[in-house]
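Subject: Handing over the structure

Hello,

The structure is below, and my notes follow it. Please read them with the model open.

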Amino acid sequence: MSQLQRQMIIILDFGSQYSELIARRIRETQVYSEVLSYRTTVEQLRQLNPRGIILSGGPNSVYDTNAPHCDPAIWEMGIPVLGVCYGMQLMVQQLGGEVEQAERGEYGKASLHIDDPTDLLTNVEDGTTMWMSHGDSVARLPVGFELLAHTENTPCAAIAHHDHKLYGVQFHPEVVHSIGGQALIRNFVYHICDCEPTWTTDAFVEETIREIRAKVGEKRVLLALSGGVDSSTLAFLLHRAIGDQLTCMFIDQGFMRKGEPERLLKLFREQFHIPVEYVDAEERFLKKLEGVTDPEEKRKRIGHEFIQVFEEESRRLGPFDYLAQGTLYPDVIESADTNVDPKTGERVAVKIKSHHNVGGLPKDLRFKLVEPLRKLFKDEVRKVGRSIGLPEEIVRRHPFPGPGLAIRILGDVTSERLEILRDADYIVRQEINRRGIYHDFWQAFAVLLPIRSVGVMGDQRTYAYPIVLRLVTSEDGMTADWARVPYDLLETISNRIVNEVRGVNRVVYDVTSKPPGTIEWE
């Protein structure tokens, strides 16, 4: 375990959509955190030596037949534990209290009335708003527990066993709607778990460079460069760590946005002075996707073809022992295998989608992987990029999926559809840049649907594709909201697309948040 990770908080995941958000909120206090399965044993936890444990929420009821449970020996470890929603109910049940279905569920914002303002709730304002999402409630506290706070509908909204440092909250302090949530998390991390703010950007960079040098030694590393903030940050980091041992390779699979391959090569070669090998592989990638409509299959084929190209090109350029990738923590989480209890078959969390750099790798991969950003969230990568001198135009660039436009074209991916989408997407980016609002969005892009509708242009009937506009706001990409953009902007974008892009006669706007949707359509 690294020096930075020795002070850590572990989140045991019971299938909550907010588990990763808890981890991110803890890291905002500059303390390292990591999400593990609820099945993690006490022996495994002792090896990690966390300063504290948080039990996440989840979709189950603790009294369900196949409800997930943690190792009961956790309560005897002698380290602080905080149960959130389902995690609190599980704590109560396993320690001898009672949980039952509430007469009235509580969903959304609720005012928290504080009965004990010390310890966990220090500096949390009485009457502050917290986010509720539960149908069960604590009916009887275990022996030794005290009430810390309540709401109008929930008598036991926060509880504690002060001597054993066991705490529970029925609300979700990690979500942005919980006004006093971060203060509560800071209390748990700093005052109860006695952590110090050592998880800093500069410390991460220094330690990561040491780890890269120790792992790679004198060997050569091949980096899959896309030009996005993740791979660009990784390129700068690796170049600082190992210099000429790094070879960057940009494989143009034909799914990039308009003008981006040329821009990428110019930036890295002329401005950053980092050599980049360019590979034109559009034809072979298109051939691989012929007739493929399933999004998971697209991702896997693209990922597999990437590795094939890397292997072929690495032989041409000379042997490489390591393949570097800009894999992030959300990539790993979203690509995780279905979390199934081996005894009960109960599903607790499901795979959302495979990422080409996680789910598409073949088992016989010739390279050893180097993934220094694997434990970082996107906002943490941006901080690292800034700290090592990455230009702001790349640091603040919108996320772009590894498979590129191939997963923004639903159905078959063809040269014709790619050109249509490139032109439409270019107009979207042009217009938001003209207004100076590019950075108001987490992502802003176009999607091509594989259907046609009737239209009228120049007194003639048309039968063409629709373009979907997707503009979202977000803090970390784990959750997102559709952007409330001015109607005149939508009108300008729509008019330009139907007038300038051949093959399109209709533009629609996606007003779905994440969840229930995802940011990308595939």
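Does Asp119 count as buried, partly exposed or exposed, and at what relative accessibility? At 25% relative accessibility, Asp119 counts as partly exposed. Buried means under 20% relative accessible area, exposed means over 50%, and partly exposed lies in between, with a 1.4 Å probe and protein chains only.

Some ground rules. This is a predicted model, in which local features need pLDDT of at least 70, side-chain atom pairs count only at pLDDT 80 or more, and totals for chains, interfaces and linings use all residues. Residues are numbered from 1 along each chain as its sequence is written, and side-chain values use heavy atoms, leaving out hydrogens and water. Helices (H or I, at least four residues) and strands (E, at least two) are DSSP runs, numbered from the N terminus.

Most residues other than glycine have a negative phi, and most peptide bonds are trans. Start with Asp119 again. Its place is the loop between β6 (113-114) and β7 (129-140). Asp119 is not a glycine, yet its phi is positive, about 60 degrees.

Lys165 is another case. Its phi is positive, about 55 degrees, and it is not a glycine either. Lys165 sits in the loop between β9 and β10. With 37% relative accessibility, Lys165 counts as partly exposed.

The peptide bond from Lys514 to Pro515 is cis, with omega near -15 degrees. The bond from Pro515 to Pro516 is cis too, with omega near 15 degrees.

Strand β10 covers residues 166-169. Leu166 and Gly168 point one way, Tyr167 and Val169 the other. All of them are buried.

Two strands pair if DSSP finds at least two bridges between them. Strand β4 (residues 81-84) runs parallel to β10, joined by 4 bridges. Here Leu82 has Tyr167 as its bridge partner. Strand β9 (residues 158-161) also has 4 bridges to β10, but this pair is antiparallel. In that pair, Ala160 stands opposite Tyr167. The hairpin of β9 and β10 has 4 residues between the strands, and Lys165 is where the positive phi falls.

**Helices α13 and α14**

Helix α13 (residues 415-434) and helix α14 (residues 487-500) have axes that come within 10 Å and cross at roughly 145 degrees. Axes are lines fitted to C-alpha atoms, for helices over the stretch in contact, and angles run from 0 to 180 degrees between N-to-C directions. Contact means heavy atoms within 4.5 Å. Residues making this contact include Ala424, Ile427 and Val428 of α13, with Leu489, Ile493 and Arg496 among those of α14.

The buried residues of α14 are Leu489, Leu490, Ile493, Arg496, Ile497 and Val498. They pack against α13, β19 (453-457), β20 (460-473) and β22 (504-509).

Why does the length of α14 agree with expectation? At 1.5 Å a residue, its 14 residues should span 20 Å, and its end C-alpha atoms are 20 Å apart. The expected span is 1.5 Å times one less than the number of residues.

**One last spot**

Asp280 is in strand β13 (residues 276-280). Asp280 is exposed, with a relative accessible area of 58%. Thr65 is 215 residues away from Asp280 along the chain, and their C-alpha atoms are separated by 55 Å.

Over to you.
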